[in-house]
Amino acid sequence: MLNVLPDWLKIVYVVFAFCSALFFGAFKSLLVGPIAALILIVGNVVVILALFPTHVAWTVYTLLKTHRFDAPLKVAFLFGVPALFGLWLSLSIGGSVLVGVGYGFFAPLISSFEAFRQEDESHKFFHSIVDGTWGTIKGSCTVVRDFADICYHSYPLYLKELRETPASNELRTLRLIHVPACIIVGLLGLIVDVPLYTAIAIIKSPYMLFKGWQRLIHDLISREGPFLETACIPIAGLTILVWPIVVIGSVIMAIVSSIFIGLYGSAIVYQERSFKRGVAYVIAMVAEFDEYTNDWLYLREGSIFPKPKYRKKRVSHSPDVSVGGSRSSEGKHSGHHHPMQAPGVMLMPTLSSSRSVREVIREVKMVQVWENLMQSSESVGKELLDANVITPGELYDWLNAKKGNESAIIGIGLPCYSFFQNLLRSIKVGSEGLVLLDGLEITHLNRPQDRLLDWFFHPIMVIKEQIRVIQLSEGEIRYLEKVILFGSDSQRMKSWDNGSYEPEDTLRLAQIQGISRRLIGLTRGASKLPTYRRKYRQAIKKLILYCMAKDGTTRSMSMRSVASV
């Protein structure tokens, strides 16, 4: 009897902890949730509506100025602009409402359960009450700010790159005979794919619900996965409760994604120059989605729907730069996959055996990657400031965006130069992955399981291997640093004497310039991602404060004014 008592006490403790966290979380959701949701919804909607006329003007101007499209294709895009922007308004505003309500309700609730990971009992009780209150409100403001950065900075950068694409690049043409075919296939995609995707998602959702519950309850009984640690059982219990909401969200995402999957049929007609292949795409995508959901739900392989080929030849994806995909994309779907990878996503968590918390902790988190990259930019920036390679004035110009290009040396050159130092460090220590500033190593085994990072990690590894293979000398490395930091500014390159020399061998010079272009391109792509601009601005502010502290003088812009920019 005495041997059973500790087990019963542990069970009572877990039940009490779960009920307490649920009560505090629900109370905070009712108290804080409406405020956070209102901030997020109103903020995003204001950004959308305020920038809408500007977005339309930027887009139309870019379509008229770009050299990538011929006249018929430009006309086709211009006719499609009203529909695209109407779709943007409806989905962005509707998505903001859903995200705002979901974030406002679930963020405080989850924070109460996360508090039970604290080691001290008093800390658990305190954090279960405090966490998720002010932090949720700040988080909603951060979401609005990141969304505004995407709308005001990232989207114009995409358009600017499209306008400045040289005419020597491949010109995309459109024959007028294909315009009716594109319209018909796009409408056919909506008529066929949206109802069938919806039907498949709804029919399989009960199986996903009960299969998920079965997996979670099995882990609870056998003490596996998230139930391995006692402190995490309340969190896993919350997962069981909210699993129906996850299923509903997956169904909604499948329906929304089917709209874009269906419209993509028009692009297939344009790419393949074939109405027949566009229709084949519309039919094949239904079978792809059926197979995709069967694979993740561990149902029978294959699909009852036909799956005709819609590509003349297989679209090759180099294994070095592949972004990966689902298990089904490795074999069954290899014959006709398109760049969208998954044929309509239900965004369902895998129902295989869950990893324990200890296993998850071994995985490097995306926030660690961002923090290390920003710290690296800050550290390298201090070195360049001390060497008078970059000036405080350039930092002010970028922070205040006084110049049209926002000081490309600071916006692109500095983070690219910093990242190149990480690559050199990784090569010198013989790492199979990427070694960051504080010694943190990211490999294929522990990298964050994030699709955005997938788009960059594999190309980065390819560039790292190219740098290692060509075995740059010290002078060539210094020359590459110049090219990366200053770009096309030849005057600044000449003024910085860092012991570099330009290779006389034209092949060697072309290899170095090719690496610099790829690194700069990756940096430009990363600069458009959510949260990047906000975090990088903080790093630049720290560099300005470093200059102030170093000079020991009072500038016109005080520390408080810098922090408020």
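**Entry 1: ground rules**

Helices (H or I, at least four residues) and strands (E, at least two) are DSSP runs, numbered from the N terminus. I am working with a predicted model, in which local features need pLDDT of at least 70 and side-chain atom pairs count only at pLDDT 80 or more, while totals for chains, interfaces and linings use all residues. Residues are numbered from 1 along each chain as its sequence is written, and side-chain values use heavy atoms, with hydrogens and water left out.

**Entry 2: the chain as a whole**

I started with the secondary structure and found 17 helices and two strands in the protein chain. Next I looked up burial, where buried means under 20% relative accessible area, exposed over 50%, and partly exposed in between (1.4 Å probe, protein chains only). Of the 565 residues in the protein chain, 45% are buried.

For contacts I take heavy atoms within 4.5 Å. Among the contacts in the protein chain with a separation of 6 or more, 78% are between residues 24 or more positions apart.

I also noted the surface, using accessible areas from the Shrake-Rupley method with a 1.4 Å probe; for residues, only the protein chains shown count as cover. The accessible surface of the protein chain is about 29,300 Å², and carbon and sulfur atoms hold 65% of that.

I picked out Pro82, which sits in helix H2. Is Pro82 buried or exposed? Pro82 is exposed, at a relative accessible area of 55%.

Then I moved to Phe69, in the loop between helix H1 (5-65) and helix H2 (71-114). With a relative accessible area of 14%, Phe69 is buried. Setting aside neighbours within four places in sequence, I find Phe69 in contact with Leu63, Lys74, Phe77, Leu162, Leu171 and Arg172. I noted Leu174 too: it is 105 residues from Phe69 along the chain, with 8.3 Å between the C-alpha atoms.

**Entry 3: the cores**

A nonpolar core here is a set of buried Ala, Val, Leu, Ile, Met, Phe, Trp, Tyr and Cys residues joined through side-chain atoms within 4.5 Å. Which residues touch the most other members of the largest nonpolar core? They are Leu384, Leu519 and Ile540, out of 58 residues in that core. Several helices supply at least two residues each, including H9 (366-386), H12 (451-470) and H15 (506-527). H11 gives the most, with ten residues.

I followed up on Leu384. Not counting residues up to four places away in sequence, Leu384 touches Val389, Ile390, Leu414, Tyr417, Leu485 and Trp496. I also logged a second, separate core of 27 residues, with Val81, Val185, Val251 and Val282 among them.

**Entry 4: helix H16**

I checked the length of H16. The buried residues of H16 include Tyr532, Arg533, Ile540, Lys541 and Met548.

**Entry 5: salt bridges**

I count a salt bridge when a side-chain nitrogen of Lys or Arg is within 4 Å of a carboxyl oxygen of Asp or Glu. The structure holds eleven salt bridges.

One of them joins the side chains of Arg311 and Glu272, at 3.0 Å from N to O. This pair links distant parts of the chain, 39 residues apart: Arg311 is in the loop between helix H7 (275-296) and helix H8 (357-362), and Glu272 is in helix H6. Arg311 is buried at 9% relative accessible area, and Glu272 is buried at 8%.

I then looked at Glu378 and Lys382, whose closest N and O atoms are 3.6 Å apart in a salt bridge. They are four residues apart in helix H9, so about one helical turn separates them. Glu378 is buried at 15% relative accessibility, whereas Lys382 is partly exposed at 26%.

In helix H13, Arg478 and Glu481 are three residues apart, so they too are separated by about one helical turn. Their side chains meet in a salt bridge of 3.0 Å, N to O. What are the relative accessibilities of the two partners? Arg478 is partly exposed at 27%, while Glu481 is buried at 1%. I noted that Glu474 joins Arg478 and Glu481 in a network of salt bridges.
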